[in-house]
Amino acid sequence: MSETAAAPSSQQEAADLVARTATAARAAQRSVAGARREVKDAGLRAMADHLVEAAPRILTANGADLERARAAGMRAGLVDRLALTPERIGAIADSLREIAGLPDPVGEIVDGRTLPNGLRVRRVRVPLGVVGMIYEARPNVTVDVAALTLKSGNAVVLRGGSAAEKTNAAIVDVLRGALSDAALPADLVATIDSAGRAGAAALMRARGLIDVLVPRGGAGLIRAVVEQSAVPVIETGSGNCHIYADASADVAAAVPIIVNAKTQRVGVCNAAETLLVHRDAAGALLPDAAAALWAGGVTLHADDAARALLAPAAAGSGHEDLLVPATEEDWATEYGSPDLAVRVVADLEEAVAHIARWSTGHTEAILTRDVACVNRFVAAVDSAAVMVNASTRFTDGGQLGLGAELGISTQKLHARGPMGLAALTTTQWIVEGDGHVRP
């Protein structure tokens with residue numbers, strides 16, 4: 001059974017719960033570290049089937065979480081992240097089946113050679129071990145992480161946050177049942193949500209019990225984990241993502257990209273938060289883009305140049321309330337809401353400088369028909385993903401063929417960008433000799 005019964009009443013009880021859970025996860029992980037692919041894939045398919053069968057129960061739990069979130073005044077973008085529907089559960093189940101169809105990374109030979117002395121050397125992928133995950137109101141992450149860790153031969157200990165407490169409890173229970181039915185250890189997936197914030201703190205101190213910790217959520221959560229954790233952390237960054245429309249941008253193609261990047265789902269980390277427009281393109285592009293964004297209820301936080309161009313259109317269309325002056329704070333903000341900062345820049349170099357100053361290193365996009373501009377932008381922008389004439393919303397494990405993602409890493413060590421199966425492995429050197437001794 002999942003350790004979700006009574007809430008621990010002290011930090012020591014939380015630490016004890018984390019220790020018991022992590023120890024059980026370690027034992028479970030060792031039993032599947034070298035499991036055949038078909039065994040793990042059967043577990044993934046069982047998870048998918050069980051989720052679909054249990055959808056009514058999961059949706060009931062999610063409804064209770066949503067009611068509590070709305071009563072607490074949660075922002076609409078975060079409510080959308082929290083919300084599940086039959087269609088979303090079906091899509092999550094489909095992603096599990098997609099992961100089952102992906103190659104198994106464990107045992108993959110990264111490189112190999114025979115040395116002049118006859119030693120045979122190869123470097124192979126092996127599981128990380130026990131992964132800890134601290135995340136906010138994203139119940140889909142519960143499934144994504146469980147699936148990716150199973151396929152890559154790992155176990156996971158989850159701390160999913162109070163906003164999705166009932167949803168996550170239902171999902172974890174379903175996943176553990178699916179693992180048992182597939183003759184796999186249920187402790188490959190466990191939650192410490194019952195320990196509350198004390199559990200999160202204990203997880204961050206569980207060095208030696210947890211091999212790596214991944215925070216996923218807002219900037220405050222990520223910063224707290226990075227600064228406080230004694231466990232090695234893979235940092236997933238917040239998403240202050242930019243779109244730069246160059247002088248040669250095709251307006252007819254650019255406007256739908258801008259609208260998609262901002263409005264397709266406003267609460268996600270790969271939604272665009274700032275639009276930078278070359279001054280030579282601003283007169284043609286900004287009015288069309290603004291009209292489409294205003295139709296979607298987006299408020300534009302515009303600098304003086306952009307506001308001067310857009311004020312007549314705003315007045316003529318009755319959208320004066322959706323055009324406001326930009327402040328310094330707007331350039332730094334990941335809105336997670338129908339808001340977009342807009343700035344007119346002199347050229348590509350000014351756009352690159354703005355991104356270097358304000359970006360969180362997640363995703364930036366350039367809209368242009370100039371190959372030289374593409375090459376300069378890609379070389380100059382230091383972010384995990386760069387889109388060329390495409391929406392920032394494509395920075396996603398599922399969209400990029402990874403099946404799902406653990407998160408989007410904005411750091412530069414081990415993993416960067418959407419983290420799929422390979423990011424949940426490390427490498428092991430295997431050296432074979434025939435009685436070799438070092439001279």
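How far is the sulfur of Cys 241 from the closest cysteine sulfur, and in which residue is that sulfur? The legend of the first view gives the answer. This is a predicted model, in which local features need pLDDT of at least 70 and side-chain atom pairs count only at pLDDT 80 or more, while totals for chains, interfaces and linings use all residues. Residues are numbered from 1 along each chain as its sequence is written, and side-chain values use heavy atoms, with hydrogens and water left out.

**View 1. Cys 241 and the closest cysteine sulfur, in Cys 269.**
The two sulfurs are 6.8 Å apart, which is too far for a bond. A disulfide is a covalent bond between the sulfur atoms of two cysteines; here the criterion is a pair of cysteine sulfur atoms within 2.5 Å. Zero disulfides are found when the whole structure is searched. Cys 241 is buried, at a relative accessible area of 0% (buried means under 20% relative accessible area, exposed over 50% and partly exposed in between, with a 1.4 Å probe and protein chains only). Another cysteine, Cys 373, has a relative accessible area of 15% and is also buried.

**View 2. Helix H1 packed against helix H8.**
Two packed helices are described by the angle between their axes and the distance between the axes. H1 covers residues 11-32 and H8 covers residues 196-204; their axes are 8 Å apart, at an angle of about 55°. That angle makes H1 oblique to H8. The crossing is right-handed. From H1, the contact includes Ala 14, Ala 15 and Val 18, and from H8 it includes Ala 198, Gly 199, Ala 202 and Leu 203. By class, six of these residues are nonpolar, one is polar and none is charged.
Terms: helices (H or I, at least four residues) and strands (E, at least two) are DSSP runs, numbered from the N terminus. Axes are lines fitted to C-alpha atoms, for helices over the stretch in contact, and angles run from 0 to 180 degrees between N-to-C directions. Angles under 35 degrees count as roughly parallel, over 145 as roughly antiparallel, 65 to 115 as roughly perpendicular and the rest as oblique. A crossing is right-handed if the near helix is turned clockwise from the far one by less than a right angle, and left-handed if anticlockwise. Contact means heavy atoms within 4.5 Å. Ala, Val, Leu, Ile, Met, Phe, Trp, Tyr, Cys and Pro count as nonpolar, Asp, Glu, Lys and Arg as charged, and the others, Gly among them, as polar.

**View 3. The crossing of helix H11 and helix H12.**
The axes of H11 (residues 279-295) and H12 (residues 304-317) come within 10 Å and cross at roughly 45°. The two helices are therefore oblique to each other. Their crossing is right-handed. H11 contributes Ala 282, Gly 283, Leu 286, Pro 287, Ala 290 and Trp 294 to the contact, and H12 contributes Ala 306, Leu 309, Leu 310, Ala 313, Ala 314 and Ser 317. Of these residues, 10 are nonpolar, two are polar and none is charged.

**View 4. Helix H2 and helix H7, with Ala 54.**
The axes of H2 and H7 cross at roughly 135° and come within 8 Å. H2 is thus oblique to H7, and the crossing is right-handed. In H2, Ala 46, Met 47, His 50 and Leu 51 meet residues of H7 that include Ile 171, Val 174 and Asp 181. The contact has eight nonpolar, two polar and one charged residues. Ala 54 sits in the loop between H2 (37-53) and helix H3 (55-71), and at 12% relative accessibility Ala 54 counts as buried. Its C-alpha atom is 8.7 Å from that of Ile 171, 117 residues away along the chain.

Arg 37 is partly exposed, with a relative accessible area of 32%. Between Arg 37 and Leu 102, 65 residues apart along the chain, the C-alpha separation is 9.9 Å.

**View 5. Ala 183, a residue with positive phi that is not a glycine.**
The phi of Ala 183 is about 60°. This residue is found in the loop between helix H7 (165-181) and strand S5 (189-191). Ala 183 is exposed, at a relative accessible area of 69%.
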